[in-house]
Amino acid sequence: MADKLRAQQQLEALQSRFIGTGNADTTRFEWTSNIARDSIASYIGHPPMLQYMSIGLGQPKEKTRVQLIDRMIQPVGPPPPVCWVR
Amino acid sequence: MPEEHKLKEIHAETYGKSGIRRVVPGEYMAVDPKGRAVMLASLEKNKLVYILTRNGENVISISSPLEAHKPQTLVYYLLGLDVGYENPLFAALELDYSSCEVDPTGTAVQEVEKELVYYELDLGLNHIVRKWSEPVDRSANMLFRVPGGPNAPSGVLCCGEDTIAYRRIFNNASKVHRLAIPRREGPAEDPNRKRMIVAGTLYTLKGGQFFYLLQSDDGDVFKVTFDTQGGNVDRIKIKYFDTLPVAMSICILKAGFVFCACESGDRILYELESLGEETDDPEYDSTQFPVDPTKSFSAPFFKPRPLKNLVPVEVLPSMNPIMDMEVSNYAEEDAPQIYTVSGSGARSTFRTTRNALEVLDLVESPLPQQAVSVWTTKMLVTDEFDALIVLCMLASTLILKVGEDVTQAFNTGFLEDTTTLGVQQFGEDCIIQIHPRGIRHIRQLQFPNDDEAGTTQDLTDWHAPVHRTVVSYASNNRQLAIALSSGDILYFECDADGSLAKAEDEVSIGQNVTCIAIADVPEGYVRSRWMAVGTSDQMIRLYDLSPESDQFLQCVSVQQLTAVPSALTICQMKDNTQAGSSQYLHIGLRSGVYIRSVLEEYSGELADTRRRFLGPAAVKFAKVNAAGETAVVVMTSRPWLSYAHPHTSSFCTTPLHYIPFESAWNFEGAAIKGVICVTGNELRIFSFKDLTSNTVSQSIPLRYTPRKLVGFPENRVYYVVESDNNTIDAGTVESLKKKDGEDAAMKTEEGPEEDQLSPEQFGHPRANGLWASCIQIVDPVTEHAVIQTIELDKDQSAVSAALVPFESKNNEYFLAVGVANQLSFNPYRFKSASIRLYKVSDDGRKLELHHQTDTDDVPLALLAFKGKLLAGVGNNLSLYDCGKRALLRKAHTANCTPTRIIGLKTQGSRVIVSDQSQSITYVVHKELVHPNRLIPFADDTVPRWTTCAEMVDYDTVAGGDKFGNLWIVRCPAKVSEASEESTDGQHLLQDKSYLNGAPNRVDLVMHYFTNDIPVAMQKTSLLYGGEKVLFWAGLQGSLGAVIPFSSRREFKKFQQLELALRSSKEHKMISGRDHLAFRSYYTPVKGVIDGDLIETFLTLPRDEQQGIVASMAQTYTVENLEDSIWNMRALYAF
């Protein structure tokens, strides 16, 4: 029993440390927003990719960068309504 | 400062090994201005602070990191504040999105606040605390430091949309000073469009004064100044400064220059003429604007004008971003040129890039008749400058004197009615002229009173033996060797009184001597030791010239060649050996091959031989001085320079960007230094500008961002389709201006004021969501200009183009252009789409609209295919023929690829279809059934976001993707055969689709991460007679070649070298990344060797090279490896 508790604690520590570590209860919303945020972060972090998008949009890189970070706030729309029914 | 000009690693601290990710700090870095601490932040959550401690002058050590993480928080910007010597303070623009994660109504997203957060590093406690925070404007995106310390305000400038606000820690709302960003005035400008700040810099003057140059997204630069009283800010002021291209970063140099690191195109260095105090542009101050940007205020305006405060002084050429590329030989030169379209917006250019050295033309003057050869000579050995130019005409010799200007000289003692073979300043004060009948020895040639007529003390002639003539010679200040037509070589040395003393021994070869070479006398010696002789039996023989040696005038080594040598020269050249230079023998062959070997100083052996074919003509040499180092001009069908690279000291041969010439010689005049050359009846002098770059490019300005480049080789023109998002098209601008002009005329009854804002500096007028687009015809060969521009209608954008000879129209050429109307990307939307067909005139220089066909999706890819037009329309593939009023669809495959077709390539009946996100699909065309069939039969297993693809052979495709990878995939042989079997493709249609794709899968052959997005790829040869390579162009301006290995042994050698370099401890990448992990960034690197890494071997010092060679499994020598690397480049690329 103690082992199980410890494993649980370790998992929780891991989850708080590394964003996106899933568990059995990860919802579709959590999973997809995590992926979308990861992707956007990658677009911003790799200069050629940010430039590629900026050229397509015809605007400065800084503007694209800010727009992309803004999209990270809620990348896949609002979360589904919480349902408390068991 | 050390001499090396190299970055040296002082300390490397690893904190993230998994690449550039959301939570790996490094996206932002802020440094305390006093250099005491560094803060690194990731886009989300993580922040690390490192304390830097200094021991002594140069030793900096980094502490273990302190963490300031905050989960579910996005960082927009990070800055180190100027707080003098108090505890280091960092400011971050943060946004906590945790409330949005649990709010299903979606209102929280509207309400979340962006905060300006201050982090204090307590140096005493070694602890980081979140000191204070205040909400700021939601659109805030950038911070600038405000100088701190005694009597300085400290704090930040927080910039956002339409906002520049001064804030400091612990302030209250009334202490915030806000400025709105001035907007452009003009008929085509939307007065309600808000600007944001994209770049800027702080500059501190002596005495504590400071100002900012901040750039808006239009490129307008504003000067922001502070009114302060003892550290309290009364107000801040903003004034229009000048308009520069949109920059990534602006830097003001202490010497009064402004460097603008432009986002696209050439980078520009400006000189600061004034600080913008004198200009009469309106100035706005913070008392005019409310602190809350949502409150109403009257928007500030200014009128853009040409540069007043800055003057451009130098341009750093940059191709970034390349949008499309083609290699072809439109100019009909020896080697093909690289044509690229690059840049964005109004700064777009069409560039022609050649592999050549830039030269500066100094003098160009006509000659009375055609000259064959040219020499320059000093008159005394101690002279600093060349005094005479000797020109050999067809049957005479012309002597020119170099003084204040160049004049013909008389009474020089030279034989003028004969051709000349050579001229040499000999001994102390003599000059010798070698001519076919013998040698003329001139003593003490002088020009008293700078007259044109000279005086000489003594003339001596040595006549060649009867029935023999002099055919070739070699000389230096103390030695002379002449070859006679009989195959004998006579050797002379300089006597004590400067006369010629013939050696008793002579060399008799019994072969026609074609060329001889003796090196210059090394400093401190009386003679140069080796003489090289080239003979018509395709041999080079080396003779010892040292009379003490028992081998005097005897052959010590021979080298067999592949053709008759036509020229030889020996010189001391810089290289990366320990001595810093070596003696090299350069051999030119009649076949146009150039050979360079090391001539061993003591043994006379030849070693480390490099060969390269330079052009289809016999090679001639001229020893010259290029950028302070000895180099050799190699003349064949075009001129080349053989030199040591100024930074790496590695051996290079590069063609000159100059006309071909017959003869050249080094020229050192008092006023000009360079190379003198003759071509026909012209005398020219040029010098070398820069030996570091081996490409030259010319550019032609384009109107909008180029999207596709289509060549028409027969007529040597290019068609470029261009489009710009968020831009107003020319037609609308015109009508807006007209309307404005009418309004103005009504009001003031005066003619409209003509404003001359060049788009190149100010950009096109912008409006959100609109498109501007055009088709331009570029002639890069004769006119070097755009010859026709067809502007498309409002809000249309050209997305693709192809030149199609329609079989049904007698193979007349048409330019098909895919056009989208009201295109937007996120979400992907368009109102309508069409393919426009333009009739191309016979000379290719005029386009005329033929007809337009609406399509049900955007045609992103077009291709001429079997006399028809193949179009990728959305994800459908259609084959069109040209009809009277529209295109007629002849074949159609719906849902050919999963997402969107963005590229088409073909060979025979096979079409390679690139999908936007799902790699490529192989499609076969079956034309013998009615209707024609286009059947996809193989696709890929990996979703590659393809940007470009090229067929390497019938089964193999090379391509690049948006993440910066290069890859090659191959269709299995059986599948490939099966696709060709039947004429109707019935069995292919019967094949079951496999996992929702085509029935078959392709295999991966090669994969490589380039760190730049390949945008175009072409299988082509880059050299005259060279083998084909895969040439690719990257978005950020890279041009690269993928070279095939032709032998297993070579491959093994390179593989081992790569492995050794990769694992070498001293030889690490400057970024500190692991090479294998870097090249395998997304997918493990496969089937390719990193040439960039391999070539760093050439730049290493000799002892490190030896260390690396020793660590390799098989035994190679440094020379052998250098030779292989050099050959790899020389035989395939440049």
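How many helices and strands does chain A have? I counted four helices and zero strands in chain A. I keep in mind that this is a predicted model.

**Chain A**

I read along the sequence and noted the pattern α-α-α-α. Next I looked up the radius of gyration. Chain A has 18 Å, whereas a compact globule of 86 residues would be near 12 Å. I then took the spans of the C-alpha trace along its principal axes. They come to about 60 × 30 × 15 Å for chain A.

I turned to burial. In chain A, 26% of the 86 residues count as buried. I also checked contacts between residues at least 6 apart in sequence. In chain A, 46% of these join residues at least 24 apart.

**Chain B**

I moved on to the secondary structure of chain B. I found eleven helices and 81 strands there.

For chain B, the C-alpha trace spans about 110 × 90 × 75 Å along its principal axes. What share of chain B is buried? I noted 43% of its 1134 residues. Residues 24 or more positions apart account for 54% of them.

How values were computed
Residues are numbered from 1 along each chain as its sequence is written. Chains are lettered from A and ligands numbered from 1 in the order in which they are written. This is a predicted model: local features need pLDDT of at least 70, side-chain atom pairs count only at pLDDT 80 or more; totals for chains, interfaces and linings use all residues. Helices (H or I, at least four residues) and strands (E, at least two) are DSSP runs, numbered from the N terminus. A residue is buried if 20 or more other C-beta atoms lie within 10 Å of its own, exposed if 12 or fewer, and partly exposed in between; C-beta atoms are placed from the backbone. Two residues are in contact if their C-beta atoms, placed from the backbone, lie within 7 Å. The radius of gyration is taken over C-alpha atoms; the globule rule is 2.2 Å times the number of residues to the power 0.38.
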